[in-house]
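Here are my notes on this entry, point by point. Please keep the model open while reading.

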Amino acid sequence: MLVILMNTQKPDDIANRIEILRDEIHAHNYRYHVLDAPTISDAEYDRLFQELKNLEAEHPEFQSLDSPTQRVGAAPKKEFPAVAHSIPMLSLDNAFSVDSAKDFDKRIRIRLKTEAFITYACEPKIDGLAVSLVYEQGRLISGVTRGDGVSGEQITENLRTISTIPLKLKPPFPDVLEVRGEVFMPKAGFKALNEKNALLGEKLFVNPRNAAAGSLRQLDSSITAKRPLSFFAYGIARMEGFSQRFSTHSENMQALKKWGFPVCAENRVVEGIEACLTYYEQLQAKREQLPFEIDGVVYKVDNIELQQQLGFVSRAPRWAIAHKFAAEEAFSELLGIEFQVGRTGTLTPVARLKPVFVGGATISNATLHNMDEIQRKDVRVGDTVVVRRAGDVIPEVASVVLEKRPSQTTHIAMPKHCPICHSDVIREKEEAAYRCMGGLFCAAQQKEAILHFSARRAMDIDGLGIKIVDQLVDKKIIQTVADLYTLSVEQLAGLERLGKKSAENLVDALAKSKETTFARFLFSLGIREVGEATAHNLANHFSDLQTLIKADELELQQITDIGPIVAAHIYYFFRQPHNLEVIQGLLKAGIHWQAPQSKSVSNSPLFGATFVLTGTLNALSREEAKEQLIALGAKISEAVSKKTSYVVVGDSPGSKLTKAQSLGVPILDQTQLLALLEHAKQAQSQ
Ligand code: 5U1
């Protein structure tokens, strides 16, 4: 029976009752959400919850962040603060075939000098978002996204709203505990959320992962609280002040369960790689029936001492691997073709398909890459085609089912005129691509040029998305990137779906973008074949813009990585009066950057050294690495050659690593790069 406390009670009694209610409700939450085995009715639960809410409202002095009432969300935030992880959040290497999974096992046994079977912990790879949770004295005090692995965004309030994440641990627990795991949206919750959103005419999510990501990134945690999110713990990153030590990963998982964390029931411990492969097959067969999306399985060496012996390569452990499921495929009908016009005028054929569910999302468009591909695959409108989707990559038409070809099909031809601006479409010599010759007269190219200009790695104009650019160009408010800087709050606030506040923010972002670097500015111009690395090399070589504009093709070819084709693109870009006008407009609008400090650069020990970066960098972003290296007088190259001074290797490096090894070029991991940058900065400042 429930006892409703009256206000006449003494503060100690009230505090005790609040504590009892919290513990009881936490226990019921755990039984309901984690064990799926409730022991009281919904009505009884609601009564307990209401009593606690009333007491907390009457006695705010006893309010606590780990109360179950706090799961409803906190006041909206302005932004998520960035916080460094105390221990980096590692990523996993991938195996896409049985052979590479076997190679993983072989590498481990060679390193450990053993022929014996390795004991592996096998787990589903949940398709969600990795987070890190920190508990002090058993209470959740911080929750952070993976971010770049070194630091992430503090989203504690949002994570508190997830019913399967414990706010308080079950004793006995360590003084400090840092837990890693995955937040995800179960399939049923995703379906219900999209059905509700469809009824309300709100945005539909593409798949459960995107829905989970969108829900976690809400600045208003009361919105997150309404989203059906869940969590599985998959590792302990840090444990302090606990008498027990665990010698295996599976023991860690058992301890996490005891402290109240949900741990996936599909986890198994097996002996040897063949047993891992059997687990993979079994889980793949079960994949459709699982209540959550998975994209593969993870194998981890179970013994923690062996994990320590194996260590890491850059940011991935040598003792674990994600064995990914093959790309998903489905049949669909090719209803038609549209040609999309890109930034440089390239026309890409896009297949319009009868909607089909594949790889966790409904697909109605897929790329056909280019005309050569269409011919090679002999794709025709009316065909039944195989649509393939792997991870986050753009879905593609993989092949045609010739046996199902109807008697009436239509061959696909490249249009002679641009579908957007009706200018001529030309195939340039020795190129696979066809291009619209409309240049910046073409609205599609204008839009792409503006989006490229404003991208994070270019001028970094926050809040200028495709919907706004579409309206600005379609309504002929702007035509070039220079026009962006003439926009007023009133003009922007007049656009659909853009309130006054967002319009003000966008004008602020435009003003902020005016302070940039020479390299970013050059990259943002969208000169053909001038990516970030080439833009950096140009900025490093030329002391100012006017000297670059005047440079001839031969001079341009003296610069690292610039051959005759790229040199010609740069040369002709600066010979177009229209481009010079746009540049003039941008400078007049106030875009500026600091001139290079060549004297101090020549003091730098990295002056003149050539770096190639490969793989994903976590310790600092690729952009930051490049900017710092350039500032220290180094050059960035895309290709490894005997002349390369260093190759910096991040996660999942490409063939550049193998090339560097074969040429004997020194290889740096990210920690070594940081040390080198530090050393060079010190030397430069002396
Ligand atoms: N199940 C599972 N997913 N997952 C992802 N375990 C697991 N472990 C990970 C990651 C990134 O990393 C540790 C091996 C460090």
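1. Start with the ligand shell by class. Seven of its residues are nonpolar and two are charged, with no polar residue in the shell. Keep in mind that this is a predicted model.

2. Which residues are around the ligand? They are L90, L92, E123, P124, Y234, V298, K300, W319 and A320. Glutamate and lysine count as charged, so E123 and K300 are the charged pair in this list.

3. The side chain of E123 places an N or O atom 2.9 Å from a nitrogen atom of the ligand. K300 also uses its side chain: an N or O atom there is 2.8 Å from a ligand nitrogen. P124 contributes through its backbone, where an N or O atom lies 3.2 Å from a nitrogen atom of the ligand.

4. How much of the ligand's accessible area does the protein cover? On its own the ligand has 380 Å² of accessible area, and the protein covers 85% of that. Two elements give two or more residues to the shell: β3 (119-126) and β10 (294-301).

5. Strand β13 (residues 320-324) pairs with β2 in the parallel sense, over three bridges. Within this pair, A95 stands opposite H323 of β13. A320, from the ligand shell, falls within the residue range of β13.

6. Now turn to β7. This strand spans residues 176-184 and is mostly covered, with nine of its nine residues buried. Strand β4 (residues 129-136) runs antiparallel to β7, and eight bridges join them. V134 stands opposite E178 in β7. Strand β8 (residues 230-240) is also antiparallel to β7, joined by nine bridges. There F184 stands opposite S230 in β8. The range of β8 takes in position 234, and Y234 is one of the residues around the ligand.

7. A second open sheet has four strands. The order is β24-β23-β25-β26, and the pairing is parallel. Which strands form its edges? They are β24 (635-637) and β26 (667-668), and each pairs on one side only. Strand β23 (residues 610-614) is joined to β24 by three bridges, and the two run parallel. F611 has I636 in β24 as its bridge partner.

8. A word on pairing in general.

9. Last, K102. This lysine lies in helix α3 (residues 98-111). Is K102 buried, partly exposed or exposed? Its relative accessible area is 30%, so K102 is partly exposed; the cut-offs are under 20% for buried and over 50% for exposed. I273 is 171 residues away in sequence, yet the C-alpha atoms of K102 and I273 are separated by 6.6 Å.

Methods
Residues numbered from 1 in each chain as written. Predicted model: local features only at pLDDT ≥ 70, side-chain atom pairs only at ≥ 80, totals over all residues. Heavy atoms only, no water. Buried < 20%, exposed > 50% of the residue type's maximum accessible area, 1.4 Å probe, protein only. Pairing = 2+ DSSP bridges. Near = heavy atom within 4 Å. Polar contact = N/O pair within 3.5 Å; in protein donor to acceptor, adjacent residues only side chain to side chain. Areas by Shrake-Rupley, 256 points an atom, 1.4 Å probe, with all protein chains shown as cover.
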